[in-house]
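Please have a look at the sequence and the model before I go on.

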Amino acid sequence: MPYDQQHSAIPELPTTTVELNHTAIYASDRQLSAEFLAAILGLKVSAPFGPFLPVDLGNGVTLDYIEKRDEPIQSQHYAFLVPDAQFDAMIARLEAVGVTYFADPHHTEPGGINRLFGGRGAYFADPDGHNMEIMTRPYARP
């Protein structure tokens, strides 16, 4: 049964804008992971904030790396909309550090890029196995 039918007493909420401000990313070594992603994307690692090491994406959102050493890290997916003019430089940085990139999210097409929605995209793993995606066009949604 859909959520709204199960909870019919919940009033309809007005339409509002919600923006992501930050998200925590588990890493076995927060410094290594934050510096890796910042280097690939052409960003900088910010000063530590408590247990977090932030990477500022430049649009008001930070990725806050936090160390998790007591259990395995569950791989997550993070997609970044990047300027088309910087895409080739990001691919070159992946190649320079010996990281294989893929055209598909399942990592079956090594060294390839996709051309989804009229843009270009690629996937790669970070040091802890998170599936990172760079893309130059957002996905078309119905």
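Let me begin with a definition: a polar contact is a pair of N or O atoms within 3.5 Å, where, within protein, one atom must be able to donate a hydrogen and the other to accept it, and where residues adjacent in sequence count only if both atoms are side-chain atoms. With that in hand, we can look at H77, whose side chain reaches the backbone oxygen of N131 at 3.0 Å, and whose side chain is also joined to that of E133 by a polar contact of 3.0 Å.

Before I continue, a word on where this comes from. What you see is a predicted model, in which local features need pLDDT of at least 70 and side-chain atom pairs count only at pLDDT 80 or more, while totals for chains, interfaces and linings use all residues. Residues are numbered from 1 along each chain as its sequence is written, and side-chain values use heavy atoms, with hydrogens and water left out.

Now the overall picture. Helices (H or I, at least four residues) and strands (E, at least two) are DSSP runs numbered from the N terminus, and the protein chain has three helices and seven strands. From the N terminus on, these elements follow the order α-β-α-β-β-β-α-β-β-β, and the C-alpha trace spans about 55 × 40 × 30 Å along its principal axes. We call a residue buried under 20% relative accessible area, exposed over 50% and partly exposed in between, with a 1.4 Å probe and protein chains only; buried residues make up 35% of the 142 residues in the protein chain.

Let us return to H77, which is found in strand β4 (residues 77–81). Is H77 buried, exposed or partly exposed? H77 counts as partly exposed, because its relative accessibility is 41%. If contact means heavy atoms within 4.5 Å, then H77 touches Y123, N131 and E133, not counting residues up to four places away in sequence. By contrast, the C-alpha atoms of H77 and E95, which are 18 residues apart along the chain, are separated by 21 Å.

Next come two helices. Axes here are lines fitted to C-alpha atoms, for helices over the stretch in contact, and angles run from 0 to 180 degrees between N-to-C directions. The axes of helix α2 (residues 30–41) and helix α3 (residues 84–96) come within 8 Å and cross at roughly 135°. Angles under 35 degrees count as roughly parallel, over 145 as roughly antiparallel, 65 to 115 as roughly perpendicular and the rest as oblique, and α2 and α3 are therefore oblique to each other. On the α2 side the contact is made by F36, A39, I40 and L41, and on the α3 side by M90, R93 and L94.

Rings of Phe, Tyr and Trp (its six-membered ring) pair if their centres lie within 6.5 Å, and planes under 30 degrees apart count as stacked, over 60 as edge-to-face and the rest as tilted. How many aromatic pairs does this rule give? The count comes to two aromatic pairs. In one of them, F36 and F124 are edge-to-face, at 6.1 Å centre to centre and with 65° between the planes. F36 lies in helix α2 and F124 in strand β6, so the pair ties together parts that are 88 residues apart in sequence. Both F36 and F124 are buried.

F117 and Y139 form a tilted pair, with 5.4 Å centre to centre and 45° between the planes. F117 lies in the loop between β5 and β6 and Y139 in the segment after β7 (131–135), so this pair ties together parts that are 22 residues apart in sequence. F117 is partly exposed, with a relative accessible area of 44%, and Y139 is also partly exposed, at 28%.

Most residues other than glycine have a negative phi. F117, however, has a positive phi of about 55° although it is not a glycine, and H107, which is placed in the loop between β5 and β6, has a positive phi of about 60°.

Finally, R120 is placed in the loop between β5 (101–102) and β6 (121–125). R120 counts as buried because its relative accessible area is 14%, and a polar atom of its side chain lies 3.2 Å from the backbone oxygen of D84.
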